[in-house]
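Keep the sequence and the 3D view side by side.

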Amino acid sequence: MNIVLLGPPGAGKGTQARLLVDERGMTQLSTGDMLREARQSGTEMGRRVADVMDRGDLVTDEIVVGLIEEKLEADPGGDFIFDGFPRTLAQADALADLLDRRGLRLDAVIEMQVDDEALVRRISGRFTCASCGAVYHDETKQPRKAGVCDVCGGTEFKRRADDNPEALRTRLMEYYKKTSPLIGYYHAKGRLVRIDALAPIPEVAERVRDIVEAPRAALDEPAHSL
Ligand code: ADP
Ligand code: AMP
């Protein structure tokens with residue numbers, strides 16, 4: 001089972017991916033997390049992408065496709081949740097090719113629909129555990145015990161440098177210009193499922209779970225079968 005979580009910044013992709021990892025043992029492949037790790041460990045590539053990420057622009061297709069290829073090489077069995085990848089048509093073509101060469105396929109692409117107003121609220125309240133990366137929100141998802149991570153017990157939290165109004169504007173523009181065409185791309189391939197991601201986290205999780213359990217039943221009717 002391999003799925004893509006597709007949606008604008010703040011749609012809840014990382015939140016739902018982590019639930020699938022915990023509940024089903026799937027592997028989350030988040031290009032955003034990989035790039036942030038590269039920055040933190042001070043690699044040459046990490047230094048090159050820092051300004052681009054802080055502005056909210058997309059890094060090059062070549063870099064992110066390379067990161068995904070490395071992960072697929074290391075773990076040839078599949079069961080992947082692609083989170084924040086692909087983000088351009090070129091990345092989607094590259095992913096199709098990478099999976100094809102390994103005899104893997106995409107079972108569903110879940111488009112998480114949220115309006116822009118909610119995205120601003122989500123992004124401005126987001127914080128994560130500094131040790132395990134668990135995702136929280138000032139209003140909608142506080143740790144059960146204040147100041148202590150539910151998952152690992154960590155007591156340090158951080159906020160992302162690009163979770164500010166200016167970078168968010170750029171990230172949203174990038175999404176609508178370069179990523180939203182993937183909705184049509186995957187619809188035409190008969191792989192798209194749209195969900196209302198404005199609902200509370202457990203409700204969105206239930207819908208995602210239904211799709212992962214029966215992807216064929218959930219897929220939107222592709223145009224070519226009309
Ligand atoms: P993405 O990975 O798509 O950028 P995240 O999973 O990091 O989004 O979620 C963005 C913020 O919104 C986080 O603070 C998260 O706790 C919160 N969040 C995620 N899903 C929901 C939801 N269904 N309802 C309310 N808040 C949510
Ligand atoms: P995310 O954690 O998914 O919100 O991504 C954070 C930032 O990393 C984005 O604003 C981009 O600068 C970069 N990034 C992450 N994934 C990709 C991708 N697939 N293609 C291009 N840039 C990406």
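Predicted model: local features only at pLDDT ≥ 70, side-chain atom pairs only at ≥ 80, totals over all residues.

Start at ligand 2: one of its nitrogen atoms sits 3.0 Å from an N or O atom in the side chain of Gln-91. That is a polar contact, a pair of N or O atoms within 3.5 Å; within protein, one must be able to donate a hydrogen and the other to accept it, and residues adjacent in sequence count only if both atoms are side-chain atoms. Arginines also take part. An oxygen atom of ligand 2 is 2.9 Å from a side-chain N or O atom of Arg-36. For Arg-87, the distance from a ligand 2 oxygen to a side-chain N or O atom is 3.0 Å.

Residues are numbered from 1 along each chain as its sequence is written, chains are lettered from A and ligands numbered from 1 in the order in which they are written, and side-chain values use heavy atoms, with hydrogens and water left out.

Now the interior. In soluble globular proteins, nonpolar side chains tend to be buried together. A nonpolar core here is a set of buried Ala, Val, Leu, Ile, Met, Phe, Trp, Tyr and Cys residues joined through side-chain atoms within 4.5 Å. Buried means under 20% relative accessible area, exposed over 50%, partly exposed in between (1.4 Å probe, protein chains only). The largest core has 34 residues, and Leu-35, Phe-82 and Tyr-186 touch the most other members. Elements giving two or more residues to this core include β1 (3–6), α4 (61–74) and β3 (80–83). Helices (H or I, at least four residues) and strands (E, at least two) are DSSP runs, numbered from the N terminus. α4 gives the most, six residues. A second, separate core of 26 residues includes Ile-3, Leu-5, Leu-168 and Leu-172.

Next, Lys-13, in helix α1 (residues 13–24). Lys-13 is buried but has no salt bridge, meaning a side-chain nitrogen of Lys or Arg within 4 Å of a carboxyl oxygen of Asp or Glu. Asp-83, the nearest side chain of opposite charge, is 5.2 Å away. The Lys-13 side chain instead reaches the backbone oxygen of Pro-8 at 3.0 Å.

Finish at Leu-104, in the loop between α5 and β4 (108–113). Leu-104 counts as buried because its relative accessibility is 16%.

Key:
Lys, Arg positive; Asp, Glu negative; His and termini not counted.
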